[in-house]
Amino acid sequence: MTFTIPIDNGDALKNSQRTLYPYVTGTSIVAIKYKDGVLMASDMGGSYGSTLRYKNIERVKAIGKHSLLGASGEISDFQEILRYLDELILNDNMWDDGNSLGPKEVHNYLTRVMYNRRNKFNPLWNTLVLGGVKNGESYLGMVSMIGVSFEDNHVATGFGNHLARPILRDEWHADLSFEDGVKLLEKCMRVLLYRDRSAINKLQIAKITEEGVTVSQPYSLKTFWEFQAFHNPTAGAQGSW
Amino acid sequence: MFRNQYDTDVTTWSPTGRLFQVEYAMEAVKQGSAAIGLRSRSHVVLASVNKAQSELSSHQRKIFKVDDHIGVAIAGLTADGRVLSRYMRSESINHSFTYESPLPVGRLVVRLADKAQVCTQRSWKRPYGVGLLVGGLDESGAHLYYNCPSGNYFEYQAFAIGSRSQAAKTYLERRFESFNESSREDLIKDAILAIRETLQGETLKSSLCTVSVLGVDEPFHFLDQESIQKVIDTFEKVPEEEGDGGEGEAEDEAAPAEQGGAGDQDVAPMEI
């Protein structure tokens, strides 16, 4: 991918290009609806290619009073999105008229932004998870970098789609308690930790309910490496080297 | 109001701090045929008098749907009203498209008012010559606003604009305290009765008025002639008191008020 598309986007003078590939990336986000709202888990890693370069990146942020945004993919694009949303929420608050943007509205706004960027061949290289509660109703949705958008009871990005969602499909049910929800998310995050090379063992779980947003302090999961298969890993596949 | 040397330009102040062009624009609103709005906690009713240029022509449309949850009734220069309705529809649909959620009425009204204000501060423009009664429903409940050519807007429980609107306002002033708790049917009846006040003697027929309703679980729509006529029939046929299915209170008010046209039901309503 080293060609530049010769469509004039007004940047010819500035000699800039469109996004071709991401640089500093975050890995999976896993989120579920539970009894009182939405729970969202992510680790705090920022990879630079195959290097686990940054280990204190918060990839889940509160948006206004009613929403939570988690992102995987390019961290700088996530920060840009946070700036857009900041302005959006600010303008919404300035009306000061008893109306406020709920998670549904924020999700749709983000869908429009992502899709429009994709149409200009200059995507924001993220997969976003938007969760929230407004007037007692929980909302959980996702938007990809090409503008694909949908809602569901449980969502995951990146590797989470392959490793976490099967677990959620089997074990998620409506009206999970907070403790059960956290246990379920931790189960998913543990699998991701074992199997996703860009995951680190430092995660945060964020909760959003009618009352507001709480983001947990970073913590680690207990892991177990004494499985029999790890003791003599090549036992079943002796090679000539 | 008489002509004076400060009224040529909208950007010229008078020594007493008035902008005459803006006030003249408000006069234009008073010349249009009547439009009325009322609201309860859950519904908004907009009604207007159908005025036709001549017997040969159709009547002017004065009530427009802006969105499922917003409607507007206008009085004054209908061309200005049509253009502003188009603006409102555009704002509403753009918001819906971006946020997949209905535009809060209060925000639409402020944008309208800001648009009107611009015309009061540019020497190459003139104020819009139309008053708008914007009725709508959002998260915070049912609302009725009046947008003035001056760029001001006010929220109302009930209001009337246009010619002979003072008669309707008087009627509404007597009854507005009960509107918040009114049922949808009572609200519609009050709207039609208020329209009757503006007719000052003319027989009230369903062909003479347009009525629209919107509410919780009820997108904006017009009432058909039959439904309007049915409501009219409950109070027009019998001028004195009757216990017509528990709607005594409306009759109490109607009886001492306009009685000029009551009982004149020989003319079949025209279908326009």
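Predicted model: local features only at pLDDT ≥ 70, side-chain atom pairs only at ≥ 80, totals over all residues.
Entry 1: I then asked which elements give two or more residues to the side of chain A that touches chain B. They are α1 (75-95) and α2 (103-119) of chain A. With five residues, α2(A) gives the most to that side.

**Entry 2: charges.** I looked for salt bridges across the interface of chain A and chain B, and the rule finds three. I noted down one pair: the side chains of A:Asp92 and B:Arg107 meet at 2.6 Å, N to O.

**Entry 3: area.** I find 15 residues of chain A in contact with twelve residues of chain B. Between them the two chains bury about 1,200 Å², with 49% of it on carbon and sulfur atoms.

**Entry 4: a helix in chain B.** I turned to α6(B), residues 225-236, for a quick geometry check. At 1.5 Å a residue, its twelve residues should span 16 Å, and I get 15 Å between the end C-alpha atoms, which agrees. Next I listed the buried residues of α6(B): B:Ile228, B:Gln229, B:Ile232, B:Phe235 and B:Glu236. Looking down the axis, I find these buried residues within an arc of 125°, so they line one face of the helix. On the other side of α6(B), I have B:Glu226 and B:Lys230 down as exposed.

Terms used: Residues numbered from 1 in each chain as written. Chains lettered and ligands numbered in written order. Heavy atoms only, no water. Helix = DSSP H or I, 4+ residues; strand = E, 2+ residues; numbered from the N terminus. Expected span 1.5 Å × (residues − 1). Buried < 20%, exposed > 50% of the residue type's maximum accessible area, 1.4 Å probe, protein only. Arc of directions from axis to C-beta. Contact = heavy atoms within 4.5 Å. Buried area = accessible area lost by both parts, 1.4 Å probe. Salt bridge = Lys/Arg side-chain N within 4 Å of Asp/Glu carboxyl O.
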